[in-house]
Amino acid sequence: MGLCLVFLPLASSKGEGGREGSASRICCTQGFAKHMTSAKAGSASAQSPEMSFLQDPSSFTMGMWSIGAGALGAAALALVLANTDIFLSKPLQATLEYLEEIDLKTLEKEPRTFKAKELWEKNGAVIMAVRRPGCFLCREEAVDLSSLKPKLDELGVPLYAVVKEQIRTEVKDFQPYFKGEIFLDEKKKFYGPRRRKMMFMGFVRLGVWNNFFRARKVGVTGNLEGEGFILGGVFVVGSGKQGILLEHREKEFGDKVNPVSVLEAARKIKPQTSASEKK
């Protein structure tokens, strides 16, 4: 508020001069009082919304409840959507021609590079694309596939696995869970043609937690070494040009293949006979 200075003229207390001075003082005093009243009214009017809000706690409480309810609703919706397949990347099915040209390496001291078609050319093959050798969910699936080894041997169908990296002793530590030979797929081709990832959304999916508890109940353990977001899968490939008989793509962490389906597909493999055998 600005400072209002009022100059009152001096006059004698008698006669017209006294009356004029008195009138002048009255007018100035009334004007000053009117100015002050107007300023106070304006100030009260400007502050009225805040004052009203502070003086009514119920409005503040209702506002906070509304914000909290909105946040909870958004979190619930996000949780529901995370447990659907809406945001999951769709796999692109591999072709036999795509798999045949994949370069693999042996894990020997002097590795040999070869084309993947060597794995199934004669007798077909069951191949596990391991998401992460140290993952206890992957180890659980490896145990399931290894349980089929006696029956696969009867059919003459080999069991293999491919990994996308070789870190310290991870592959060596994985071998007690997997009863087949393991190869390195450095270019991660067995995880394509459309490479899919599951990031931290996997940890809010109920199916993943169910898989966690299932594997823990079996007693399989693991570690956190290596890349584990690129999803894996299992293939059953027929001999020669027979084609892909089963292709299981991991949808989420711990989404393992059905061993019965693997065995059914393996029984459809028709082993290739060499020219000498035909004679």
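Author: Let's go label by label, bearing in mind that this is a predicted model.

Reader: Okay, cysteines. How do you know that cysteine 135 and cysteine 138 are too far apart for a bond?

Author: A disulfide needs two cysteine sulfurs within 2.5 Å. The sulfur of cysteine 135 has its closest cysteine sulfur in cysteine 138, at 3.9 Å, so that's too far for a bond. By this rule, the count of disulfides is zero.

Reader: What is a disulfide, anyway?

Author: It's a covalent bond that joins the sulfur atoms of two cysteines.

Reader: Why is cysteine 135 called buried?

Author: Buried means under 20% relative accessible area. Cysteine 135 comes in at 5%, so buried it is. Cysteine 138 gets the label too, because its value is 3%.

Reader: And what makes phenylalanine 203 partly exposed?

Author: That label covers what lies between under 20% and over 50%. Phenylalanine 203 has 35% relative accessibility, so it counts as partly exposed. You'll find phenylalanine 203 in the loop between strand 5 (181-184) and helix 7 (206-218). Together with Met199, Phe200, Trp209 and Phe213, Phe203 makes a nonpolar surface patch of about 570 Å².

Reader: On to the rings. How many aromatic pairs are there?

Author: The count comes to seven aromatic pairs.

Reader: Why is the pair of phenylalanine 114 and phenylalanine 183 called edge-to-face?

Author: Two checks here. Ring centres must lie within 6.5 Å to pair, and planes over 60 degrees apart count as edge-to-face. For phenylalanine 114 and phenylalanine 183 the centres are 5.3 Å apart and the planes are at 80°, so the pair is edge-to-face. This pair links distant parts of the chain, 69 residues apart: phenylalanine 114 is in strand 2 (residues 113-115) and phenylalanine 183 in strand 5. Both phenylalanine 114 and phenylalanine 183 are buried.

Reader: What about phenylalanine 190 and phenylalanine 235: which kind of aromatic pair do they form?

Author: Edge-to-face, with 5.7 Å from centre to centre and 65° between the planes. Phenylalanine 190 sits in the loop between strand 5 and helix 7, and phenylalanine 235 in strand 6 (residues 233-237), so the pair ties together parts 45 residues apart in sequence.

Reader: Last one: the charged end of which residue sits over the ring of phenylalanine 136?

Author: That's arginine 216, whose charged end is 4.1 Å from the ring centre. The distance limit is 6 Å, and there's an angle condition too. Phe136 is also part of one aromatic cluster with Trp209, Phe212 and Phe213.

Methods:
Residues numbered from 1 in each chain as written. Predicted model: local features only at pLDDT ≥ 70, side-chain atom pairs only at ≥ 80, totals over all residues. Heavy atoms only, no water. Patch = residues over 30% accessible without salt bridge, like charges linked within 9 Å, V, L, I, M, F, W, Y side chains within 5 Å. Areas by Shrake-Rupley, 256 points an atom, 1.4 Å probe, with all protein chains shown as cover. Salt bridge = Lys/Arg side-chain N within 4 Å of Asp/Glu carboxyl O. Helix = DSSP H or I, 4+ residues; strand = E, 2+ residues; numbered from the N terminus. Buried < 20%, exposed > 50% of the residue type's maximum accessible area, 1.4 Å probe, protein only. Phe/Tyr/Trp six-rings, centres within 6.5 Å; stacked < 30°, edge-to-face > 60°. Lys NZ or Arg CZ within 6 Å of the ring centre and 35° of its normal.
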